Amino acid sequence: MKIFLYITAMIGFTVIANLLMKTGAVMSGENSNIWVRFINWRIICGFLSFGLGAIIYIILLRQLPLNIAQSFAAAQFVAVILASSFVLSEPIGSIQWLGIMFISLGIAIVGWSQG
């Protein structure tokens with residue numbers, strides 16, 4: 001149960017980080033000053049969220065083999081696509097749904113193979 005919570009937290013921080021980075025990049029606009037364009041509170045919080053996700057991933061690596069931890073970490077790709085659709089209203093095309101299905105199937109196969 002603890003491992004499931006760590007995986008969920010790691011994926012959650014990664015999703016939040018991606019959403020913050022995207023909104024921070026859009027928020028910065030076309031300002032000619034590179035620091036204003038790429039450094040704002042959302043991007044900084046996005047980096048911090050990636051960092052927290054990485055710390056949790058390191059904790060997971062102490063408890064799981066790398067190939068298993070990385071397989072479950074792949075769920076972040078699905079979570080980011082779904083979050084971008086729900087939060088940012090970005091469309092999900094049929095090919096993306098197919099990819100989501102394959103990623104989910106792969107994660108399920110790895111999970112089942114571990115008993």
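Contact here means heavy atoms within 4.5 Å. The model is predicted, and the exercises below work through it.

**Exercise 1. Find the neighbours of S49.**
Task: which residues is S49 in contact with, leaving aside its neighbours within four places in sequence?

Solution. 
- Step 1: S49 sits in helix α3.
- Step 2: check its accessibility. Buried means under 20% relative accessible area. S49 has 5% relative accessibility, so S49 counts as buried.
- Step 3: list the partners. Beyond the neighbours within four places in sequence, S49 is in contact with F13, I16 and A17.

**Exercise 2. Describe the overall build.**
Task: how many helices and strands does the chain have?

Solution. 
- Step 1: count the elements. There are 6 helices and 0 strands.
- Step 2: read along the sequence. The pattern is α-α-α-α-α-α.
- Step 3: take the extent. The C-alpha trace spans about 55 × 35 × 20 Å along its principal axes.
- Step 4: look at burial. Of the 115 residues in the chain, 27% are buried.
- Step 5: look at sequence separation. Take the contacts with a separation of 6 or more; residues 24 or more positions apart account for 66% of them.

**Exercise 3. Relate α1 to α3.**
Task: are α1 and α3 roughly parallel or roughly antiparallel to each other?

Solution. 
- Step 1: recall what is needed. Two packed helices are described by the angle between their axes and the distance between the axes.
- Step 2: read both values. The axes of α1 and α3 come within 8 Å and cross at roughly 160 degrees.
- Step 3: apply the cut-off. Angles over 145 degrees count as roughly antiparallel. Therefore α1 and α3 are roughly antiparallel to each other.
- Step 4: α1 passes α3 in a left-handed crossing.
- Step 5: sort the residues of this contact. They divide into 22 nonpolar, 8 polar and 2 charged.

**Exercise 4. Relate α5 to α6.**
Task: which residues make the contact of α5 with α6?

Solution. 
- Step 1: read the geometry. The axes of α5 and α6 come within 9 Å and cross at roughly 145 degrees. This crossing is left-handed.
- Step 2: list both sides. α5 uses A75, F77, V78, I81 and L82. α6 uses W97, I100, I103, S104 and I107.
- Step 3: sort them. The contact has 9 nonpolar residues, 1 polar and no charged.

**Exercise 5. Inspect two loop residues.**
Task: where do S89 and P65 lie?

Solution. 
- Step 1: S89 lies in the loop between α5 (75–88) and α6 (94–113).
- Step 2: check its backbone. S89 has a positive phi of about 60 degrees, although S89 is not a glycine.
- Step 3: S89 is exposed, with a relative accessible area of 62%.
- Step 4: P65 is found in the loop between α3 and α4.
- Step 5: With a relative accessible area of 45%, P65 is partly exposed.

Methods: Residues are numbered from 1 along each chain as its sequence is written. This is a predicted model: local features need pLDDT of at least 70, side-chain atom pairs count only at pLDDT 80 or more; totals for chains, interfaces and linings use all residues. Side-chain values use heavy atoms; hydrogens and water are left out. Axes are lines fitted to C-alpha atoms, for helices over the stretch in contact, and angles run from 0 to 180 degrees between N-to-C directions. Helices (H or I, at least four residues) and strands (E, at least two) are DSSP runs, numbered from the N terminus. Angles under 35 degrees count as roughly parallel, over 145 as roughly antiparallel, 65 to 115 as roughly perpendicular and the rest as oblique. A crossing is left-handed if the near helix is turned anticlockwise from the far one by less than a right angle, and right-handed if clockwise. Ala, Val, Leu, Ile, Met, Phe, Trp, Tyr, Cys and Pro count as nonpolar, Asp, Glu, Lys and Arg as charged, and the others, Gly among them, as polar. Buried means under 20% relative accessible area, exposed over 50%, partly exposed in between (1.4 Å probe, protein chains only).
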